[in-house]
Amino acid sequence: MGKISVFVFNTNYNSTNAACNILQTSELIDKIKIISKSTQFENYETVQVSNLYSSESINKIITNVNSGFVLFVTKPDLIKLGQFAVERLYNIAIDANSNFIYSNYYEFKDGELKKHPLIDYQLGSVRDDFNFGSMFLVSAKALKSIQTEISGNYTFAGLYELRLALSRKFSFLRVPEFLYTVNEYDLRKSGEKQFDYVDPKNRKVQIEMEQAFTEHLKRIGAYLKPEFQKINFNAEKFDIEASVIIPVFNREKTIADAIKSVLTQKTNFKFNLIVVDNHSTDGTTEIIRSFDDDRLIHIIPARKDLGIGGCWNEAAFHPECGKFAVQLDSDDLYYDETTLQKIVDKFYKEKCAMVIGSYQMTNFNLEEIPPGIIDHREWTPDNGRNNALRINGLGAPRAFYTPVLRNIKVPDVSYGEDYAVGLAISRRYQIGRIYQPVYRCRRWEGNSDAALDFESLNTNNLYKDRIRTIEILARQKLNSTVK
């Protein structure tokens with residue numbers, strides 16, 4: 001009997017058959033079984049399931065294990081194994097006494113072969129789209145040990161639930177070697193993929209992912225009940241009710257539009273606009289200075305080491321910052337002249353420390369592009385702050401009660417700073433949501449996240465996973481002190 005059982009998830013007959021033929025060349029492999037909804041395969045045993053990544057699939061895999069390890073092939077896009085790739089995974093599992101192993105891989109995309117490095121798993125790597133590649137090795141002992149924790153009757157979240165359950169008992173080991181090659185058929189740029197989780201067509205999947213993740217938080221002591229600290233908006237005095245904050249660096253094509261969309265706001269309170277010009281070297285600075293309006297405060301920081309988060313701190317701690325600090329990116333626009341009023345009204349109505357709106361995705365010419373309106377319906381008053389740890393963003397525009405923001409402070413980075421602040425605020429305070437579009441988010445080639453390479457994507461994902469790790473630890477500590 002071989003030492004490894006293989007389970008291949010069938011999404012395409014030809015690809016699955018080809019992947020199985022490649023895998024069977026390893027002498028370590030005992031049997032190859034195919035998880036399939038309907039298709040039968042002549043040369044390989046088929047395990048029939050109703051849905052591929054369901055709880056049913058996972059339970060059938062665990063039940064069918066007859067060897068020491070299981071190789072999961074979650075996408076049948078494998079076109080080549082590296083030299084002794086399966087043996088390498090197995091030997092490391094034995095030598096390092098590891099129960100979950102994955103590796104980097106090569107990606108063949110659009111006629112070009114590229115290295116696809118992955119990142120290490122940590123406590124905060126809890127998003128359901130964490131990339132383990134197309135295959136990973138798990139010990140049968142580990143699978144058997146958590147079978148009683150596979151309690152959900154999930155249609156879509158079975159594999160996610162399995163991974164979370166394994167992570168509660170075992171560490172995950174990434175092999176920093178490129179052990180196989182896959183075909184990549186998704187030719188979209190990174191900036192297009194990042195909104196998949198809020199696409200309405202994926203709503204049923206997301207509901208299940210939230211359920212599985214919420215149970216995980218409860219099991220690790222990081223779940224927060226819907227109990228919030230109250231906000232006293234009269235605790236401090238402000239001359240200005242609201243300040244719109246725009247950090248900017250070299251946005252001569254868009255900054256004028258952004259400023260105009262603020263100055264044309266109609267409100268029943270005093271507001272100003274604080275533009276933090278982070279030493280622009282194009283015509284941005286001159287464009288800002290061309291506006292003759294007392295409400296516009298133009299700041300050029302004395303420091304030259306600030307990211308977007310540092311620019312936010314410059315504005316939030318400015319003596320003319322208002323009671324509420326409201327975000328506007330230098331690429332974007334408010335939906336109409338009522339946006340600022342709606343945001344401030346929401347603060348008072350719900351007594352919250354932060355308000356997040358909804359936005360419309362557009363091209364540079366403000367024409368709507370898919371997926372259209374991003375309203376983050378996955379947020380609920382009772383469970384939003386727990387589910388926020390699973391997803392990669394909270395939405396826009398973001399607005400803060402300034403004393404709370406000053407207390408927490410914004411991490412001085414240029415990616416994920418808003419997410420970090422949102423998680424920290426939600427730990428103790430309620431966040432209000434506006435589900436109608438109040439913001440236009442322009443996607444164009446100048447966006448900083450329009451088309452990132454693997455290294456940049458990994459850097460961003462690693463940072464947000466670390467933020468989640470910090471937040472989970474903070475919530476575990478908070479729960480441990482609550483009597």
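Ground rules, quickly. Residues count from 1 along each chain as its sequence is written, and side-chain values use heavy atoms, with hydrogens and water left out. Since the model is predicted, local features need pLDDT of at least 70 and side-chain atom pairs count only at pLDDT 80 or more, while totals for chains, interfaces and linings use all residues.

Start with strand β1, residues 4–9. Strands are DSSP runs of E, at least two residues; helices are runs of H or I, at least four; both are numbered from the N terminus. How many residues of β1 are buried? 6 of the 6, so the strand is largely enclosed by the rest of the structure. Buried means under 20% relative accessible area, exposed over 50%, partly exposed in between, with a 1.4 Å probe and protein chains only.

Now the two sides. In a regular strand, side chains alternate between the two faces of the sheet. Here Ile4, Val6 and Val8 point one way from β1. Ser5, Phe7 and Phe9 point the other way. All are buried.

Next, the neighbours. Two strands pair if DSSP finds at least two bridges between them. β1 runs parallel to β4, residues 69–73, with 5 bridges. Valine 8 has valine 73 as its bridge partner there. β1 also pairs with β2, residues 29–36, again parallel, over 5 bridges. In β2, isoleucine 35 is the partner of phenylalanine 9. Between β1 and β2 the chain passes through helix α1, residues 13–23, and this β-α-β crossover is right-handed. That is, with the strands pointing away from the viewer, the path from the first strand over the helix to the second runs clockwise.

On to cysteines. Cysteine 321 is buried, at 3% relative accessibility. For cysteine 441, the closest cysteine sulfur is also in cysteine 311, at 19 Å, again too far for a bond. Cysteine 441 is buried because its relative accessible area is 10%.

Last, a contact across the sequence. Glutamate 417 sits in helix α14, residues 417–426. At 9% relative accessibility, glutamate 417 is buried. Glutamate 417 and glycine 309 are 108 residues apart in sequence, yet 5.7 Å apart in space, C-alpha to C-alpha.

Conventions. A disulfide is a pair of cysteine sulfur atoms within 2.5 Å.
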